[in-house]
Amino acid sequence: MARRAEGRTFNVSVIGLSGTEREKGQYGVGKSCLCNRFLNQVADNYYQEHISVLSQSDFAGRVINNDHFLYWGSVVKTDDGNNFAFHVVEQTEFIDDVSFSPFKTARTETYIKRAVSGKVQSAEKLMYICKDQLGMETDSAYPQVLIPEGKLTIDGFLCCFDVSKVPQRSIEKQVEFVAALLNNALKTKKPVVLATTKGDASCTEYIKEAEKLINRKEFKGNVPLVETSAHENINIEAAFMLLAHLIDRTKAKSKILPFLDARKQRHELLEVAKEAYIHLLRTNVTDPKAIWGAWKKKLEP
Ligand SMILES: Nc1nc2c(ncn2[C@@H]2O[C@H](COP(=O)(O)OP(=O)(O)OP(=O)(O)O)[C@@H](O)[C@H]2O)c(=O)[nH]1
Ligand SMILES: [Mg+2]
């Protein structure tokens, strides 16, 4: 059954509470970090801070390209021996750093309508890597990867729900916003997964609110929930793979671990990796005067 997924590309749109500080509170809900963790395999390429308050020139640059979404690039993941290719976009709201209101574009719908678009398009838009890339788009430090040509048809939505406490954002506000977003996303008939974000800094009542939300009668059974943490890399791949299985209607459903079990598994894996790395260093680097920079390069794959 799972073979059907072989060679298929899944275009995923990551959505969630977005807007000015008045709407989303002091920080975002974690859409960018979730995308960053999924797309970049190398831990050193994970950035904890991304921006959405920009200058007019950064908004008009090739990465943002005068649109309220980011193209995060593509990645291939292997599950049960099958390859799953993903293209990921993040629907957000970019704010002008002079007026502190959203940049005006040709599209005038609200975020809740725009974020569930079935197709996204932005001619020659470049893949976003990190905030320092803005204004430096042509610098050789940043690979220039183009969004696929033409319209990108979205196959499913990964909706973020922040379960940490954020100043100037009430939980009621987030619940109301995400409920409207889920409603609109389900109307598209595309699969939707709710990812609780920032599980490493979670508040139990907020997790309960997310569970209550997906158990409302209009969503019950239609929106699976995955508890994630981008900072600790917990259940991130699992959330995308679950969505891919729903899109592909494969019987091989991903097994989603509860947050604490997934965290334990992650810590065990890190422990094994750490031990293996220490062993590698001990067996290779025997010169007490060895220079770290030079050896690091030699040992990197
Ligand atoms: N503790 C913790 N903080 C996180 C995690 N993910 C994101 N954050 C923090 O939350 C803040 C907002 O994260 P972003 O990923 O930029 O949020 P966003 O939804 O993309 O924000 P906008 O696009 O501006 O709406 C940043 O300070 C992140 O470091 C996480 O897994 N754990
Ligand atoms: Mg963002």
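The count here comes to 11 salt bridges, each being a side-chain nitrogen of Lys or Arg within 4 Å of a carboxyl oxygen of Asp or Glu. This is a predicted model, where local features need pLDDT of at least 70 and side-chain atom pairs count only at pLDDT 80 or more, while totals for chains, interfaces and linings use all residues. Residues are numbered from 1 along each chain as its sequence is written, chains are lettered from A and ligands numbered from 1 in the order in which they are written, and side-chain values use heavy atoms, with hydrogens and water left out.

Select R8 and D155 first: their closest N and O atoms are 3.6 Å apart in a salt bridge. R8 is partly exposed at 28% relative accessible area, whereas D155 is buried at 14% (buried is under 20%, exposed over 50%, partly exposed in between, with a 1.4 Å probe and protein chains only).

Next, pick R169 and D162, a salt bridge with closest N and O atoms 3.0 Å apart. Both R169 and D162 are buried.

Now select domain 1 (2-256) and domain 2 (262-299), whose bounds come from an automatic or database domain assignment. Their C-alpha centres lie 33 Å apart.

Finish by zooming in on E232 and R263. Which atoms of this salt bridge are 3.0 Å apart? They are the closest N and O atoms of E232 and R263. Between domain 1 and domain 2 the count is 1 salt bridge.
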